[in-house]
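Me: Hey, can you walk me through this one? I've got some quick questions.
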Amino acid sequence: MGKEPLKTIIIGSGPAGYTAAIYAARANLSPVLYTGREPGGQLMITTDVENFPGYPDGVMGPQMMEDLKKQAERFGTEIKYELIDRVDFDGDVKKVYTEGGEEIQAHSVIISTGASARWLGLESEQRLANQGVSACAVCDGFFYRGKEVAIVGAGDSACEEALYLSNLCPTVHMLVRRDEMRASKIMQERVKKQKNIKIYWNTETEEILGETEVTGVRVRNNVTDEVQEIPIAGFFVAIGHIPNTKLFKGVLEMEDTGYLVHKPDSTHTNVPGVFVSGDAADHVYRQAITAAGTGCMAALDAERYLGQQGII
Ligand code: NDP
């Protein structure tokens, strides 16, 4: 005879997933949480988190994730260090499959698979990743103290990161592909006021230069076609994020950009019993605290759903 379906399974181990686990475990849902390939998610590549309420002196991202994990385990969450790579949400009992092919059945599923940094897609960018190419100024900026760096992007993230780098580096070369920035006015103004941030308008990255480490970047002005090489030691990519939702393509309703759609003021997806929390459905706020908040909501929604279904 097969095993009884779980009450709830949580996919993903960022602040959304662990918070969902804390609430689900305390509601006696005996959750099983699958961490995915990067346990702890984006906060594992963050240093100081200073804006999460309750930590007056700040906390290191990895420490916060360890704390959240321990809190989830304390109430009986089972953590599995595996990747879910296929799902079947037809019918009342949902099925998810691990990378190793194991089938797990559950009455409800909470998705908290998060988002990952978007890359330019250049060969040199891949080759020099962690050798001068980074998608996180706050994590890696420290290594480029006193050195010239470039950052690509023109959203709030790029502005925030350019400002951060401008406190560490003599010049921050900011590469903007259009003649205007997408970022909020206040962030743009701050960037423009900062004397050591040099903005290159209408500028695209052709290649990141260097054999084993970054030595420069070749850029092209897309209006004048002028090409120039800027000597730099660090190249930062801040061009947005991609939600980790490929797994749900054709299964759940999603926006063109891949963000999962949920019903207003809830975490319900279009499939009953499947809930979404955190950055997988949020391209606006994307904060640890908002992810945690929606993780809590998803667990409460799952609990109510299971009650209505007569499972608990
Ligand atoms: P955004 O999607 O807002 O911006 C991405 C930027 O990258 C755009 O300027 C875009 O250019 C540029 N870009 C995309 N692809 C390329 C490419 N191939 N080459 C060059 N440039 C490229 O992402 P963010 O991560 O900045 O922000 C996401 C959300 O988070 C936003 O809603 C933002 O407001 C919010 N946020 C808020 C913060 C705050 O309030 N403090 C801090 C950080 C983020 P283009 O404009 O030409 O498309």
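Me: Which helix gives the most to the shell around the ligand?
Reply: Helix α5, residues 156-166, gives the most to that shell, with three residues. Helices here are DSSP runs of H or I with at least four residues, and strands are E runs of at least two, numbered from the N terminus. Keep in mind that this is a predicted model: local features need pLDDT of at least 70, side-chain atom pairs count only at pLDDT 80 or more, and totals for chains, interfaces and linings use all residues. Residues are numbered from 1 along each chain as its sequence is written, and side-chain values use heavy atoms, with hydrogens and water left out.
Me: Ok, and which residues come nearest to the ligand?
Reply: Of the 16 residues around the ligand, Asp 156, Ser 157, Arg 178, Arg 182 and Arg 286 come nearest. A residue is near if one of its heavy atoms lies within 4 Å.
Me: How far is a polar side-chain atom of Arg 182 from an oxygen atom of the ligand?
Reply: That distance is 2.6 Å. For Arg 286, a side-chain N or O atom is 2.8 Å from a ligand oxygen. Glu 160 has a side-chain N or O atom 2.9 Å from a nitrogen of the ligand. A polar contact is a pair of N or O atoms within 3.5 Å; within protein, one must be able to donate a hydrogen and the other to accept it, and residues adjacent in sequence count only if both atoms are side-chain atoms.
Me: What domains does the shell draw on?
Reply: The shell takes at least three residues from each of domain 1 (6-116 + 241-308) and domain 2 (119-237). Those bounds come from an automatic or database domain assignment.
Me: Switching to strands: what order do the three strands of the open sheet have?
Reply: The order is β14-β15-β16, with antiparallel pairing. Two strands pair if DSSP finds at least two bridges between them.
Me: Why is one side of β14 and of β16 left without a neighbour in the sheet?
Reply: β14 (203-209) and β16 (227-231) stand at the edges with a single partner strand each, so one side of each has no neighbour in the sheet.
Me: How many bridges join β14 and β15?
Reply: Six, with β15 covering residues 216-221. Thr 203, for instance, has Asn 221 in β15 as its bridge partner.
Me: And what about β1, which strand does it pair with over five bridges?
Reply: That's β8 (residues 103-111), in the parallel sense, with β1 being residues 6-11. Ile 9 stands opposite Val 109 in β8. β1 also pairs with β2 (residues 32-34), parallel again, over three bridges, and Ile 10 stands opposite Leu 33 there.
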